[in-house]
Amino acid sequence: MAEPRISSIDGKLAEEFAVPSHVGEVKEKMTAFAVHHATAGRRVVLITSGGTKVPLESRTVRFLDNFSSGRRGASSAEYFIESGYAVIFLHRHRSLYPYTRMFSTMNMLDALKFTSDDGASSNSEVVVNQQVLPNIAKVLKRYQEVKESRLLLPIEFNTLSEYLHLLKAAAQALSTIGSKAMFYLAAAVSDFYIPASEMPEHKIQSSNGPLQLSMNMVPKILSPLVKDWAPQAFVISFKLETDATILLDKARRALETYRHQAVVANVLDSRRGYVMVVTPETQVELILTEEDEKNDVEIEDRIVNNLTSAHNKFITRQGG
Ligand code: PAZ
């Protein structure tokens, strides 16, 4: 059997980014999950969600972070499950999570009450205040069904190193199911990092004066993912810009460079109501109207709809 290709990025990953100790165990879990669901006739999507943390010191006190809340990844996970997919949810620790995301802005104690006015009495119980959380029963029911049928496999990351190694492991795990795998790379990943060999061990001292940082470019992981790790999979990357005038051009360039199937392009301020799904042949605008917003329609519903039908066509073309 031919040996898998080792790209220069593989070498860089091994040398400059600390390998998390649990990566082998997580890879086995993801492989078993993918094979189980594909055998049952399901497609499997790997969603990345949230932002990466880049340490500035090896005994880390400070790090660079970014804005991503993880809402896009968490809500998309729910829509993929409703579309019949099993989901590996590779997300930043404490970013938004499917189902519980709906209550993330709430103080838990405000949602509870005692069954009797005298809360301190021994026969008074604590229950959910349904006036504060009118849809809790519906969400809880769906959450429990999904848990029971093991349709969601959550995997956490914190740092950029963890993200890169776990994504590689996920790609290799999902390569076992060929074109039935989709990658939905919605995480906001740092473009810059400080290599372990150049990182100060101890807390950077302000007594040394203003801080000047020199950071390296993070290797473009999409390249080996598409070419070497999961070459038969359906791969979607996300592109975020703050300048709308360069967005489409950047999305097109990404498609030409990495030769994957689609880019979901969005602008920071309008990302909840407008995205463009760009493929080598097409470019579709997805827009929420005021009416949609009044009816609590989420743009992720439209994105997932668009991509699951594109994935169908992709599988048919691959003869899978
Ligand atoms: O996590 P969130 O819902 O706050 O934001 C989603 C997003 C803007 C991070 C995502 O849609 C995206 O564009 N991710 C890729 C970002 C990038 O270009 O690196």
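Student: Which term describes how helix 1 and helix 5 lie to each other?

Tutor: This is a predicted model, where local features need pLDDT of at least 70, side-chain atom pairs count only at pLDDT 80 or more, and totals for chains, interfaces and linings use all residues. Residues are numbered from 1 along each chain as its sequence is written, and side-chain values use heavy atoms, leaving out hydrogens and water. Helix 1 (residues 8-16) packs against helix 5 (residues 160-174) at about 135°, with axes 10 Å apart (helices are DSSP runs of H or I, at least four residues, and strands of E, at least two, numbered from the N terminus; axes are fitted to C-alpha atoms, for helices over the stretch in contact, with angles from 0 to 180 degrees between N-to-C directions). Under 35 degrees is roughly parallel, over 145 roughly antiparallel, 65 to 115 roughly perpendicular and the rest oblique, so the two helices are oblique.

Student: Which residues in helix 5 do Asp10, Leu13 and Ala14 meet?

Tutor: Contact means heavy atoms within 4.5 Å. From helix 1, Asp10, Leu13 and Ala14 reach helix 5 at Leu164, His165 and Lys168.

Student: Which are the edge strands of the sheet?

Tutor: Eight strands form an open sheet with mixed pairing, ordered 7-4-1-8-11-12-13-14 (a pair needs at least two DSSP bridges). Its twist averages 15° from one strand to the next. Pairing on one side only marks the edges: strand 7 (152-157) and strand 14 (283-287).

Student: Which residue in strand 14 stands opposite valine 278?

Tutor: Strand 13 (residues 274-278) pairs with strand 14 in the antiparallel sense over five bridges. Opposite valine 278 stands glutamine 283.
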